[in-house]
Amino acid sequence: MKKGKTSIMPLGDRVLVRPFSEDEKSKKSPSGIIIPDTVEKERSGEGEVIAVGPGKRGDDGKIIPMEVKKGDHILFSKYGYEEVKMEEEEYYIINESSILAVVK
């Protein structure tokens, strides 16, 4: 095994996400509503896509391409992910169906 940085490549229609830290999240919504501290204590429902799998295999056997790409800022379901920790960094592995939106 080679020494150095380890990488994670998601399989199927899974996405590797780095959740945003509290500092990266805005304390004010885009419409100007101030978000209370109690909401901020919850786990982040947004993050950056780090890697994507090839896509889901359809009934015809063909791969359905992913709609998200590396670098996208996404919103995702707070309960639809698996936590993984690599080299002291926390990541989530999420099915594409748990991604709610891409923020532009």
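Strands here are DSSP runs of E, at least two residues long, numbered from the N terminus. I'm working with a predicted model.

Entry: I looked up Ser98 and found it in the loop between S7 and strand S8 (99-103). Is Ser98 buried or exposed? It counts as buried, because its relative accessibility is 14% and the cut-off for buried is under 20%. Leaving aside neighbours within four places in sequence, I see Ser98 in contact with Phe76, Ser77 and Gly80.

**Entry: what S7 pairs with.** I followed S7 (residues 89-95) back and found it antiparallel to S1 (residues 14-19), over four bridges. S7 also pairs with S6 (residues 81-86), again in the antiparallel sense, over six bridges.

**Entry: charged pairs.** How many salt bridges are there? I get a count of two.

In one, the side chains of Arg18 and Glu48 meet at 3.2 Å, N to O. Arg18 sits in S1 and Glu48 in strand S2 (residues 46-52), so this pair ties together parts 30 residues apart in sequence. Arg18 counts as buried at 17% relative accessibility, while Glu48 is partly exposed at 25%.

The other joins Asp72 and Lys69, with the closest N and O atoms 3.1 Å apart. I noted Asp72 as buried, at 10% relative accessibility, and Lys69 as exposed, with a relative accessible area of 51%.

Terms used. Residues numbered from 1 in each chain as written. Predicted model: local features only at pLDDT ≥ 70, side-chain atom pairs only at ≥ 80, totals over all residues. Heavy atoms only, no water. Pairing = 2+ DSSP bridges. Buried < 20%, exposed > 50% of the residue type's maximum accessible area, 1.4 Å probe, protein only. Contact = heavy atoms within 4.5 Å. Salt bridge = Lys/Arg side-chain N within 4 Å of Asp/Glu carboxyl O.
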